Amino acid sequence: MSGQLAEKILSSGKIPDLKGERRKITVLFADVRGFTSLSEKLPPENVFALLNDYFDKMIEEISKNHGMLNKFMGDGLMAVFGAIEEDLYQEENAIKAALGMRHVLEGMRERFQIERQVDLKIGIGINTGEMIAGYLGSSRALEYTVIGDAVNAGARLCSHAKTGQIVISETTYEAVKPYFDFEEL
């Protein structure tokens, strides 16, 4: 659980309700490319250490840009911007996080190639839209998450992103087009 989410729960002093709130949210998906072949080459302990190192740095970039890790999905991750509290700059923050992730990974890649004889590469997808954000589960196990077609679209953008590419939706683009350079796909 992110610190931001834990603080919200602790300050309320009560167990969260199992309901969601509809709001505009930006979602970022990042996935390691070629992970299956990478994990076939290395012992599981090395893969585990590599992922922990990678995730630590990626989450740092997400947090630094006002995002929150939502979940790990094997070698991928899902982060949200504007889910816990309204963020007027969520699209810009998501893109800054993605650019930061890509930059940090470049430095890590060189070290991984030397230390572990692996080349770590990612693809990133970002989408903005109406989603339901809230606690999902039961009285025994809760997870804070976002649900909606806009989430699914973000995941699809990530799956279409080539190695090193950050692919964003038109909705995200419209909010940030004056601030970054883009290439139409």
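Colleague: Is E61 buried or exposed?
Modeller: This is a predicted model, with residues numbered from 1 along each chain as its sequence is written, and local features need pLDDT of at least 70. Side-chain atom pairs count only at pLDDT 80 or more, totals for chains, interfaces and linings use all residues, and side-chain values use heavy atoms, leaving out hydrogens and water. Buried means under 20% relative accessible area, exposed over 50%, partly exposed in between (1.4 Å probe, protein chains only). E61 has a relative accessible area of 8%, so the residue is buried.

Colleague: Which residue forms a salt bridge with E61?
Modeller: A salt bridge puts a side-chain nitrogen of Lys or Arg within 4 Å of a carboxyl oxygen of Asp or Glu. Here the closest N and O atoms are 2.9 Å apart.

Colleague: Is K64 buried or exposed?
Modeller: Its relative accessibility is 53%. Therefore K64 counts as exposed.

Colleague: How far apart are the end C-alpha atoms of α3?
Modeller: Helices (H or I, at least four residues) and strands (E, at least two) are DSSP runs, numbered from the N terminus. The expected span is 1.5 Å times one less than the number of residues. The 21 residues of α3 should therefore span 30 Å. The end C-alpha atoms agree, at 30 Å.

Colleague: Which residue of β5 stands opposite G134?
Modeller: Strands pair if DSSP finds at least two bridges between them. Six bridges join β4 to β5, and the two run antiparallel. A hairpin of four residues links them. Opposite G134 stands T145.

Colleague: With which side chain does the side chain of T145 make a polar contact?
Modeller: A polar contact is a pair of N or O atoms within 3.5 Å; within protein, one must be able to donate a hydrogen and the other to accept it, and residues adjacent in sequence count only if both atoms are side-chain atoms. T145 is buried, because its relative accessible area is 4%. The polar contact spans 3.3 Å. The partner is K71.

Colleague: How many salt bridges does a search of the whole structure find?
Modeller: One of them joins R156 and D149 (3.9 Å, N to O). Shared partners also link E106, R109, D119 and K121 into one network. The total is 12.
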